[in-house]
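Trainee: Could you walk me through reading a fold, step by step?
Mentor: Gladly; let us look at it together.

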Amino acid sequence: MIQLLVLAAVLLAGYIVLTQTLFKRSKCKGNAAMAGKTVIITGGNTGIGKATALHLARRGARVILACRNRSKAKGAVAHIQKETGNSDVLYMQLDLASLKSVHCFSETFLKTESRLDLLINNAGLVADGRTEDGFGVEFGVNHLGHFLLTCLLLERLKESGGGRVVTVASMAYRWGHIDLETLSVNKHLGTGSFSWQFFQAYCNSKLCNVLFTLELAKRLQGSSVTCYCVHPGVVRTELSRYVSLWQKIFIEPIARFLFLDPETGAQTTLHCCLQEGLEPLSGHYFSCCDVQKVCAHARDEAVAQKLWEVSEKLCGLSNHCKD
Ligand SMILES: NC(=O)c1ccc[n+]([C@@H]2O[C@H](COP(=O)([O-])OP(=O)(O)OC[C@H]3O[C@@H](n4cnc5c(N)ncnc54)[C@H](OP(=O)(O)O)[C@@H]3O)[C@@H](O)[C@H]2O)c1
Ligand SMILES: *[C@@H]1O[C@H](CO)[C@@H](O)[C@H](O)[C@H]1NC(C)=O
């Protein structure tokens with residue numbers, strides 16, 4: 001009997017500690033007006049992205065879901081329109097695993113839309129393989145595709161005034177490292193065909209997200225545009241769809257109990273979109289709707305600058321991102 005009580009107490013204590021740390025919840029209190037504003041959100045058809053899109057649509061923004069899967073995206077558009085009563089929600093084709101597709105998307109967008117107020121670089125995946133251009137798929141989609149997209153849309157953000165770029169990174173950046181030598185040789189930031197290796201490559205790509213934001217903020221100084229990156233929390237989404245079955249069996253019960261739902265997982269992204277007065281914190285990393293200091297390797301300005309230059313070269317950009 002005593003043993004059972006002790007066990008229950010330990011489990012309860014463990015649960016409380018976890019819900020105060022790794023699985024902590026927060027709520028966005030930002031209140032910026034969204035009517036008349038245009039938002040692009042990559043991967044807005046499911047998970048954290050869809051929850052973010054839903055909230056912004058409810059606030060009256062014009063929301064563009066930039067997605068790779070037409071039928072999935074159309075389904076999400078219909079659902080968000082119905083749920084919010086906002087008909088200003090639309091789908092535009094974007095496959096971040098293809099630099100050509102990023103160019104096409106940007107061209108179409110710049111031709112058909114007159115302003116851009118929020119660019120939310122949300123899409124991401126944990127998977128193995130290569131992009132159309134031969135990059136490691138996590139580096140290619142999570143970092144490089146978004147890098148090019150941001151560069152191509154930056155002018156429009158500046159023209160619209162006061163725009164923000166919000167990039168969904170992850171606390172997994174902590175375990176990431178960047179080996180630019182290897183990258184320039186094999187277009188891969190972390191190779192491998194079994195899941196442990198592609199988890200490493202995922203962490204590397206998320207470190208890229210943090211360093212990209214750091215360097216972007218530097219380049220945006222003196223303009224009215226600011227940028228932020230985010231750890232959304234540990235959230236129950238489709239992100240683990242490509243991991244192996246036995247890992248799913250292990251993750252699933254914990255996910256049921258502890259993981260945040262997508263609505264809660266969207267709060268820190270929304271904070272960076274909607275909180276007024278955040279501008280002095282441009283370039284920073286946010287978690288639980290609050291700014292957070294990152295590890296030293298994610299604050300290395302020299303690496304951030306180098307990553308930017310290498311990324312420009314890999315996308316075939318030369319001066320697009322400079323003023
Ligand atoms: N879930 C977590 O615990 C967690 C933790 C930390 C960070 N994050 C980050 O949060 C972001 C959102 O992830 P999520 O958890 O919401 O995962 P998710 O449910 O799998 O959603 C990911 C989205 O990205 C899209 N996407 C993937 N590859 C793409 C490509 N090549 N082109 C265009 N879109 C593409 C997916 O499209 P399809 O539906 O067509 O596949 C989907 O809409 C990611 O950047 C992820 O790294 C998540
Ligand atoms: C797109 O989404 C639909 C519906 O979820 C799915 O059946 C289909 O396989 C997806 N297409 C691709 C190319 O991933």
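Mentor: We will take the sheet, then a helix pair, then the ligand. This is a predicted model, where local features need pLDDT of at least 70, side-chain atom pairs count only at pLDDT 80 or more, and totals for chains, interfaces and linings use all residues. Residues are numbered from 1 along each chain as its sequence is written, chains are lettered from A and ligands numbered from 1 in the order in which they are written, and side-chain values use heavy atoms, leaving out hydrogens and water.

Trainee: In what order do the eight strands form the sheet?
Mentor: Strands (E, at least two residues) and helices (H or I, at least four) are DSSP runs numbered from the N terminus, and two strands pair if DSSP finds at least two bridges between them. Here the order is β3-β2-β1-β4-β5-β6-β7-β8, an open sheet with mixed pairing. β3 (89–93) and β8 (290–292) each have a single partner strand, so one side of each lacks a neighbour in the sheet. From one strand to the next, the twist averages 25°. Strands β1 (residues 38–42) and β4 (residues 118–121) run parallel, joined by three bridges; isoleucine 40 has leucine 119 of β4 as its bridge partner.

Trainee: How do I describe two packed helices?
Mentor: By the angle between their axes and the distance between the axes. Axes are lines fitted to C-alpha atoms, for helices over the stretch in contact, with angles from 0 to 180 degrees between N-to-C directions. For α5 (residues 137–160) and α11 (residues 301–315), the axes come within 10 Å and cross at roughly 85°. That makes α5 roughly perpendicular to α11, a term covering 65 to 115 degrees.

Trainee: Which residues in α5 meet α11?
Mentor: Contact means heavy atoms within 4.5 Å. Phe139, His143, Leu144, Phe147, Leu148 and Cys151 do, facing partners that include Trp308 and Glu312.

Trainee: Which residues come nearest to ligand 1?
Mentor: Arg68, Lys72, Tyr202, Thr237 and Arg241, of the 30 around ligand 1 (a heavy atom within 4 Å). A side-chain N or O atom of arginine 241 is 2.6 Å from a ligand 1 oxygen atom.

Terms used:
Parallel < 35°, antiparallel > 145°, perpendicular 65-115°, else oblique. Polar contact = N/O pair within 3.5 Å; in protein donor to acceptor, adjacent residues only side chain to side chain.
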